[in-house]
Amino acid sequence: MADPVHDDRLVEAFTRFRSQVGEEVRPPGTDAVRRWVRRRRVIRVACAAMAVALVGAVVAGVTTGGSPDMTVGVDPTLSAADLEELADRAVDDLFAKEPLTASAFPVAVTAQTQGEPLTVGHGGSSPLKFVQGQDYDLVALCLGRGTATVAWEAPGGVTGSVLVVCDGTPVRVRFIPRADGPEVQIRLTPDAEAISRAGIALGYIEFQ
Amino acid sequence: MEDFDALYAAHFTSLTTQLFAYFGDRQDAQDVVQEAFGRAWARWRQVSAYDEPVAWVRRVAWNLATSNVRRARVAATFRRRYRPVHAAPPSPDRVALLTALRALPAKQRQVTVLYYLADLPVDEIAVLMGVSGGTVKSWLHRARTTLADELDPGPPNRKEARRG
């Protein structure tokens, strides 16, 4: 293909660009990369722990003969697979609607707790540290029916809660730890309508 | 097995420069590259065994950069982050080049950056973008023509005359 453009000018322009920009880039460093990965892993661990807890809650419901449909006179409850899909969609929506930074990662959860509050912590032996005095936003988005209360306790005893309506509207709340610490305890309390009918995504944003 | 820190030191700046040319925003470019390296570190045992770990990081960075989700995040981040800053203005050359790049459709802009800044040959660009070599050449040809038009300091009425 004959090229009408004198290529040398473009090569020169891009070479200058590369040289100028290269001098200005300040890489955050591999320590920051490793911190980010640790946080993702820790939150995934939390997610897995919650999945186990949810399975336990479902089993408990079966063994005691409890049925969400008998207690709530609204739409039928969803299957476990549908709830997972709903939670995945909530995660996608959260990513699309909130400016999650590289250090943030949303967690998909399902509101299948039979009305019982559920505590989720990072736990484990991870070196993850929330930093005292630094700003974080807890972000939550719920899809499906009903509402859920999201309560948290950050290092240093900072606590709070927020009601999330399961209509796809993201909620952001700021927390500032009063101490360094490895975990934030998140407590979900769905209302009766949300039980087995909603998926929630949780994440946080770190402000540096 | 390649050392992660060495890979990062060797390629972070060049990858950021490429994505800066694509985004037109250095902070967004840096965020994307940092995330790509994070994903590489998360599965480093696997990635480090590849012939070219940097090719994996580059692919992930470009996937992040071109995804719809990322675009939405970038826009939202920009709106929230925007603050007036006092810094030395970029050179006229850079402004002209970034302006010219913005005039290109996204695919042509990506091809151009990969060719001129990543120094990738056409066949590697084709693999990375999942298109044929002919398509890459065609996009590159059109991009060069547009860039030449945008960067050419010829008579001010040249473009209008050409359009007429």
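## Two chains at a glance

Helices (H or I, at least four residues) and strands (E, at least two) are taken here as DSSP runs, numbered from the N terminus. By that count, chain A has four helices and seven strands, and reading along its sequence gives the pattern α-α-α-α-β-β-β-β-β-β-β. Chain B, in contrast, comes to ten helices and zero strands.

Please keep in mind that this is a predicted model: local features need pLDDT of at least 70 and side-chain atom pairs count only at pLDDT 80 or more, while totals for chains, interfaces and linings use all residues. Residues are numbered from 1 along each chain as its sequence is written, and chains are lettered from A and ligands numbered from 1 in the order in which they are written.

## Burial and contacts

A residue is called buried if 20 or more other C-beta atoms lie within 10 Å of its own, exposed if 12 or fewer, and partly exposed in between, with C-beta atoms placed from the backbone. Of the 208 residues in chain A, 35% are buried; for chain B the figure is 35% of 164 residues.

Two residues are in contact if their C-beta atoms, placed from the backbone, lie within 7 Å. Taking contacts with a separation of 6 or more, residues 24 or more positions apart supply 79% of them in chain A and 62% in chain B.

## The nonpolar cores

A nonpolar core is a set of buried Ala, Val, Leu, Ile, Met, Phe, Trp, Tyr and Cys residues joined through C-beta atoms within 7 Å. The largest one here has 45 residues, and those with the most contacts inside it are Leu19(B), Val33(B), Phe37(B) and Ala61(B). Elements from both chains give two or more residues to this core, including helix H1 (7–24) and helix H2 (30–63) of chain A, and helix H1 (4–23), helix H4 (53–66) and helix H6 (92–102) of chain B. H1(B) gives the most, with nine residues. Because domain 1 (1–87) and domain 2 (90–164) of chain B both give residues to this core, it lies between them; the domain bounds come from an automatic or database domain assignment.

Which residues does Leu19(B) touch? Not counting residues up to four places away in sequence, Leu19(B) touches Ala29(B), Val32(B), Val33(B), Ala61(B) and Ala65(B).

## Two helix pairs

Axes are lines fitted to C-alpha atoms, for helices over the stretch in contact, and angles run from 0 to 180 degrees between N-to-C directions. The axes of H1(B) and H4(B) come within 11 Å and cross at roughly 30°. These two helices are therefore roughly parallel to each other (angles under 35 degrees count as roughly parallel, over 145 as roughly antiparallel, 65 to 115 as roughly perpendicular and the rest as oblique). The contact includes Leu15(B) and Leu19(B) of H1(B), and Val57(B) and Ala61(B) of H4(B).

Between the chains, the axes of H1(A) and H6(B) come within 10 Å and cross at roughly 115°. This contact is made by Ala13(A), Arg16(A), Phe17(A) and Gln20(A) of H1(A) with Asp93(B), Arg94(B) and Leu97(B) of H6(B).

## A positive phi

Most residues other than glycine have a negative phi. Asp119(B) has a phi near 55°, a positive value, and lies in the loop between H7 and helix H8 (122–129) of chain B. With 12 C-beta neighbours inside 10 Å, Asp119(B) counts as exposed.
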